[in-house]
Amino acid sequence: GYRVIFGEYLQHAVTVLLEEPYVLEPCYFERLMQFAKLVLTYPGVEQLVVRTDDASRRDTTCAQRWSRLKHNMGKHGVSLTIDYIPGLHHRKAYFLQQDYCWCLHTD
């Protein structure tokens with residue numbers, strides 16, 4: 001699962017930046033939620049930043065999902081920031097540590 005793939009990088013991460021352009025699709029948002037739950041199991045992570053295509057900004061269902069996820073992350077001390085990037089296409093994950101950054105291309 002995600003722990004096997006990302007656990008080594010999450011172990012020392014302070015901020016995680018995830019580029020996921022397809023959150024309008026329910027299956028991709030569900031995967032994002034699974035990843036967010038994993039992030040919460042690593043106490044050093046303070047922030048999750050999700051970059052996504054700006055089409056999701058105009059979708060009310062997606063906005064409600066974002067709101068719930070942001071609230072749940074905040075309850076565990078992790079801030080969630082959503083950045084809308086027009087035309088975003090590729091998936092990447094960045095794991096920012098105090099003095100280093102890992103970048104994984106997940107496409």
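Modeller: In this predicted model, the buried residues of helix α2 are Phe 29, Leu 32, Phe 35, Ala 36, Leu 38 and Val 39.

Biologist: Against which elements do the buried residues of α2 pack?

Modeller: They pack against α1 (2–10), β1 (15–19), β2 (47–53), α3 (60–75) and β4 (92–96). Helix α2 itself covers residues 26–40, and its 15 residues reach 21 Å from the first C-alpha to the last. That span is close to the 21 Å expected at 1.5 Å a residue.

Biologist: What makes Arg 65 count as lying over the face of Phe 29?

Modeller: Arg 65 lies at 5.5 Å from the ring centre of Phe 29, and the distance cut-off is 6 Å. Arg 65 is therefore listed as lying over that face.

Biologist: Which residues of α1 are buried?

Modeller: The buried residues of α1 are Phe 6, Gly 7, Tyr 9 and Leu 10. Their packing partners are β1, α2, β4 and β5 (101–105).

Biologist: Why is Phe 6 called buried?

Modeller: Its relative accessible area is 7%, and buried means under 20%. Phe 6 therefore counts as buried.

Biologist: How many aromatic pairs does the structure hold?

Modeller: The structure holds 9 aromatic pairs. In one of them, the ring centres of Phe 6 and Phe 35 are 5.2 Å apart and the planes stand at 85°.

Biologist: What makes the pair of Phe 6 and Phe 95 tilted?

Modeller: The planes of Phe 6 and Phe 95 are 35° apart, with 5.8 Å centre to centre. Stacked requires under 30 degrees and edge-to-face over 60, and the rest count as tilted. The angle of 35° belongs to the rest, so the pair is tilted. Phe 95 lies in strand β4 and Phe 6 in helix α1, so this pair ties together parts that are 89 residues apart in sequence.

Biologist: How do you know that Phe 95 is buried?

Modeller: Phe 95 has 0% relative accessibility, and the cut-off for buried is under 20%. Phe 95 therefore counts as buried. Phe 6, Phe 35 and Phe 95 also belong to one aromatic cluster, together with Tyr 2, Tyr 9, Tyr 100 and Trp 102.

Biologist: Which residues line the largest pocket?

Modeller: Among them are Tyr 2, Phe 6, Leu 18, Glu 20, Leu 32, Phe 35 and Arg 91. The volume of the largest pocket is about 290 Å³. The elements α1, β1 and α2 each give two or more residues to the lining, and α2 gives the most, with 4 residues.

Biologist: Why does Glu 20 count as buried?

Modeller: Its relative accessibility is 9%, and buried means under 20%. Glu 20 therefore counts as buried. Glu 20 lies in the loop between β1 and α2. Leaving out residues up to four places away in sequence, Glu 20 touches Tyr 28, Arg 51, Thr 52, Leu 88 and Arg 91.

Biologist: What makes Leu 88 a buried residue?

Modeller: Leu 88 has a relative accessible area of 16%, and the cut-off is under 20%. Leu 88 is therefore buried. Its place is in the loop between β3 (79–85) and β4. Beyond its neighbours within four places in sequence, its contacts include Glu 19, Pro 21 and Asp 53.

Terms used. Residues are numbered from 1 along each chain as its sequence is written. This is a predicted model: local features need pLDDT of at least 70, side-chain atom pairs count only at pLDDT 80 or more; totals for chains, interfaces and linings use all residues. Side-chain values use heavy atoms; hydrogens and water are left out. The expected span of a helix is 1.5 Å times one less than its number of residues. Buried means under 20% relative accessible area, exposed over 50%, partly exposed in between (1.4 Å probe, protein chains only). Contact means heavy atoms within 4.5 Å. Rings of Phe, Tyr and Trp (its six-membered ring) pair if their centres lie within 6.5 Å; planes under 30 degrees apart count as stacked, over 60 as edge-to-face and the rest as tilted. A charge sits over a ring if NZ of Lys or CZ of Arg is within 6 Å of the ring centre and within 35 degrees of the ring normal. On a 1 Å grid over the protein atoms alone, a cavity is a set of points where a 1.4 Å probe fits but cannot get out, and a pocket is an open set with protein on both sides within 12 Å along at least five of seven lines; lining residues have an atom within 4 Å of a point. Grid points are joined across faces, edges and corners, and a volume is the space filled by probe spheres set on the points.
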